[in-house]
Amino acid sequence: MATYHQIPDDEKGYELDLFCVPKHYEEDLDRVIIPHGLIMDRTERLARDIVRDMGGHHIVALCVLKGGYKFFSDLLDYIKALNQNCDKSVPLTVDFIRLKSYCNDQSTNSVKVIGGDELSTLTGKNVLIVEDIVETGRTMETLLSLLSECNPKMVKVVSLLVKRTPRGSGYRPDYMGFEVPDWFLVGYALDYNEYFRDLGHICILNEKAKVKYKV
Ligand code: IMP
Ligand code: MG
């Protein structure tokens, strides 16, 4: 069972004024829920756990775009630091896949692959899927079933966040950073209609912003 930090439903987070947020988003955000520094500290530990379990194998890290790119980049930096400083090291290569399932703050029922490398290059490889957030689990279940057709040697999934939601399928990743309440979160590459990826902390949007950036 993966260990993780649980953010409770009554979590108040932090006032925006305590941290630096881009001026262009100041009016759009309610609270900071996970400050950037905490994301980094938790990611450092996930890197250690992954190297402990997968060390010795060549890992292909598969980034689920676009939301996963910040976590992917920081996680791989920490894995690289371990590789440079430990007796045991893991060769690392990278791959990318682009999936889309969201419109406004609602998950749609279809998960579409809209770009990336051919999954067939992953045949026989040890694959680490790197995702930003698991909500219903549909995206990850779809990707895992597509991937299984290509017969990788091993597949592990790391997700920075997992949402506690009644809409969940029960799917849990092998590694997870935080379990979060059933809130729509933005920042650290998580977006609302492509906005807020350029925000360092993970935050809650206010209702006005949901209307302002609606498509
Ligand atoms: P699932 O298929 O319902 O598990 O949803 C997973 C995908 O939906 C994630 O990869 C995200 O891209 C997106 N998503 C789910 N919840 C949020 C959120 O709170 N903020 C931003 N994107 C989200
Ligand atoms: Mg995602």
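Lys 66 sits in the loop between strand 3 (59–65) and helix 2. Helices (H or I, at least four residues) and strands (E, at least two) are DSSP runs, numbered from the N terminus. The model is predicted: local features need pLDDT of at least 70, side-chain atom pairs count only at pLDDT 80 or more, and totals for chains, interfaces and linings use all residues. Residues are numbered from 1 along each chain as its sequence is written, chains are lettered from A and ligands numbered from 1 in the order in which they are written, and side-chain values use heavy atoms, with hydrogens and water left out.

Look at the backbone first. The peptide bond that joins Leu 65 and Lys 66 is cis, with omega at about -5°. Asn 151 has a positive phi of about 50°, although it is not a glycine. Asn 151 is placed in the loop between helix 3 and strand 7 (154–163). Most residues other than glycine have a negative phi, and most peptide bonds are trans.

Now the helices. Helix 1 (residues 36–54) packs with helix 2 (residues 69–85) at an angle of about 55°, and their axes are 9 Å apart. Helix 1 is therefore oblique to helix 2. Angles under 35 degrees count as roughly parallel, over 145 as roughly antiparallel, 65 to 115 as roughly perpendicular and the rest as oblique. Axes are lines fitted to C-alpha atoms, for helices over the stretch in contact, and angles run from 0 to 180 degrees between N-to-C directions.

Next, ligand 1. It is surrounded by 18 residues (a heavy atom within 4 Å). The closest are Glu 135, Thr 136, Gly 137, Thr 139 and Leu 185. By class, the shell has seven nonpolar, five polar and six charged residues. Here Ala, Val, Leu, Ile, Met, Phe, Trp, Tyr, Cys and Pro count as nonpolar, Asp, Glu, Lys and Arg as charged, and the others, Gly among them, as polar.

A polar side-chain atom of Glu 131 lies 2.8 Å from an oxygen atom of ligand 1. A polar backbone atom of Gly 137 is 2.8 Å from a ligand 1 oxygen. For Lys 163, a side-chain N or O atom is 2.9 Å from an oxygen atom of ligand 1. Strand 6 gives the most to the shell, with four residues.

Technical notes: Polar contact = N/O pair within 3.5 Å; in protein donor to acceptor, adjacent residues only side chain to side chain.
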